[in-house]
Amino acid sequence: MIALLEKYFRGSFLIILSLIFTISCTSDKKKEGSASSEYEEASEQSLREQVEKVLYEIPPPSEIPYIIQGTGADFNPNIVNTIDKYESYTISQHKAAFNLGVYATDIGYLSSYGKTQEALNYMDVCMKISESIGIQDAIDLEVLSRFEKNLGDPDSLANIIDESIEKSDTYLQQNERNNIAALIIGGTFVEGLYVSSQIIDTYPKDMLADDQRMTILSPMIRLLAKQKEPLEDMISLLKSVEDKGDWIEATINSLEELHENYEAFDPEAKIKEGKGNEVLNDEVLHRLTKQIASIRENVVY
Amino acid sequence: MKLQPLFAFCLLAISSFAQPVIEPGKGISDLKIGSSPDEVIWTLGFKGIKLTKEGVPEVLNIQAKMLAIDYDYVFNYQNIMALPISTVYFKDNKVVMIVVSSYPEYNEVLCLGINTREGLAFWDDEQALKKVYGKKPETYTRDFDFYYYLELGISVSIEDKEIRTMTIFKSQS
């Protein structure tokens, strides 16, 4: 059951992501006869590798939603970003791409609570943001249609996901839109951190004693703690982006400070020392939560 | 900056949320004049880059000199975060001046929703400034046009007839 749920929840995120890559890649294939310098090609190759690493070699934070099931936390509509703001994101390509990733992760969260119609509404917004980035022409409508039809069928969804990932992987080898890809991944990453930290932070405090809450929330806390290395990869990925501009530079700066704080976040050590009950009141955890919320608030504003 | 229809839409959408308010002489949201460095880091979530007075680039010194505000060091921010703060100045480990800036792209939208307690907004012009505060401000020009009210504890910089930064400091009445 857990494996099925995992596929389902991860899937709703990955299908969006792979669709986006499919879209972005097909819309901007390499120009024939292009005279790129060796340096540019090497740089592009490096970025492509970074994208692939973050995409395929690290556990995506979007795994988090299915762990929510274990906590028994109620659906919190305030955690997801509202879709009525999407038009404001289209002012900036950076912001649009980042929020595309945010919405993709939100689809995972909504799906984990069976909010099928809401998930479809978010999907629709993702399509509109894709248009704003200029990658709408190559939308694979067939895959999208199959995704919509199978939203409630985890097995079929898993097959579609596998197929889409394979397709997008192929496209990634050919595309020139890795900058956009990096930003979309950045958005999914930040939203994944936000969802998990908010689940921990907003879990009812008056219903259970600290030790009981810790028992329930420990998988989520462990997962949050495990994001240190993915965070490093995320920073490397964003650093690989060419022509970063203020927005990406500032994002890197904030993620680097977040990483500094992550260095001091070691719930496993506290548990080993028999101080597991202190984890939920750990100042470092609170600061992480605050930093993540601050970054995310800027992103989705 | 001309407000395009889309920007106007954003402004309307944003207006339904609780917005940070700049209080001249006091601070913005939980970031206050007199706060400690730890309180600033807690409020913003970040410490930015700490620069001692000797290492501060001249551009960050302009307003401090203009307003005769002494400081020991600053936290300079080039971070995405919830409040559009660019620099916080400290003297004896207490905040003495806060610069809120709409210049970086990542701060622009945040500033659309921020007013002073009296209703002055980013991208307002000099006339709006005088109307809101009811009198002529002191002025200083260097790189930008600065308009300030020492007794209120607020200074703004205007470029192309639009307010782009607001600076909060302790009133000097």
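Okay, one term before we start: a residue is buried if 20 or more other C-beta atoms lie within 10 Å of its own. Keep that in mind, and remember that what we're looking at is a predicted model.

So, chain A. How much of chain A is buried? Of its 301 residues, buried ones make up 46%. Now look at contacts in chain A with a separation of 6 or more: 84% of them join residues 24 or more positions apart.

Let's zoom in on one residue, A:Ser111. You'll find A:Ser111 in helix α5 of chain A, which covers residues 93-112. Is A:Ser111 buried or exposed? It has 26 C-beta neighbours inside 10 Å, and the cut-off is 20, so A:Ser111 counts as buried. If you want a sense of distance, take A:Asp266, which sits 155 residues away from A:Ser111 along the chain. Their C-alpha atoms are separated by 30 Å.

Next, a pair of helices. With two packed helices, you describe them by the angle between their axes and the distance between the axes. Here the pair is α11 of chain A, residues 228-240, and α12 of chain A, residues 245-263. Their axes come within 10 Å and cross at roughly 160 degrees. That angle is over 145, so α11(A) is roughly antiparallel to α12(A). The crossing is left-handed. Who makes the contact? On the α11(A) side, the residues include A:Leu231, A:Ile235 and A:Leu238, and on the α12(A) side they include A:Ile252, A:Leu255 and A:Tyr262. By class, that contact has nine nonpolar, two polar and four charged residues.

Now over to where the chains meet. On chain B, 19 residues are in contact with 23 residues of chain A. The chain B elements giving two or more residues to that side are α1 (5-14), α2 (37-44) and α4 (105-112). Sorted by class, this side of chain B has 14 nonpolar residues, three polar and two charged.

In soluble globular proteins, nonpolar side chains tend to be buried together. The largest nonpolar core here has 108 residues, and the ones touching the most other members are B:Val88, B:Tyr89, B:Ile98 and B:Ile168. Helix α9 of chain A, residues 178-202, gives the most to this core, with 13 residues. And what does B:Tyr89 touch, leaving aside its neighbours within four places in sequence? Its contacts are B:Ala64, B:Ile69, B:Tyr71, B:Val74, B:Val95, B:Val96 and B:Met97.

That's my tour, thanks!

Notes: Residues numbered from 1 in each chain as written. Chains lettered and ligands numbered in written order. Predicted model: local features only at pLDDT ≥ 70, side-chain atom pairs only at ≥ 80, totals over all residues. Contact = placed C-beta atoms within 7 Å. Helix = DSSP H or I, 4+ residues; strand = E, 2+ residues; numbered from the N terminus. Nonpolar A, V, L, I, M, F, W, Y, C, P; charged D, E, K, R; others polar. Axes fitted to C-alpha atoms, helices over the stretch in contact; angles between N-to-C directions. Parallel < 35°, antiparallel > 145°, perpendicular 65-115°, else oblique. Left-handed = near helix turned anticlockwise from the far one by under 90°. Buried ≥ 20, exposed ≤ 12 C-beta atoms within 10 Å, placed from the backbone. Core = buried A, V, L, I, M, F, W, Y, C linked by C-beta atoms within 7 Å.
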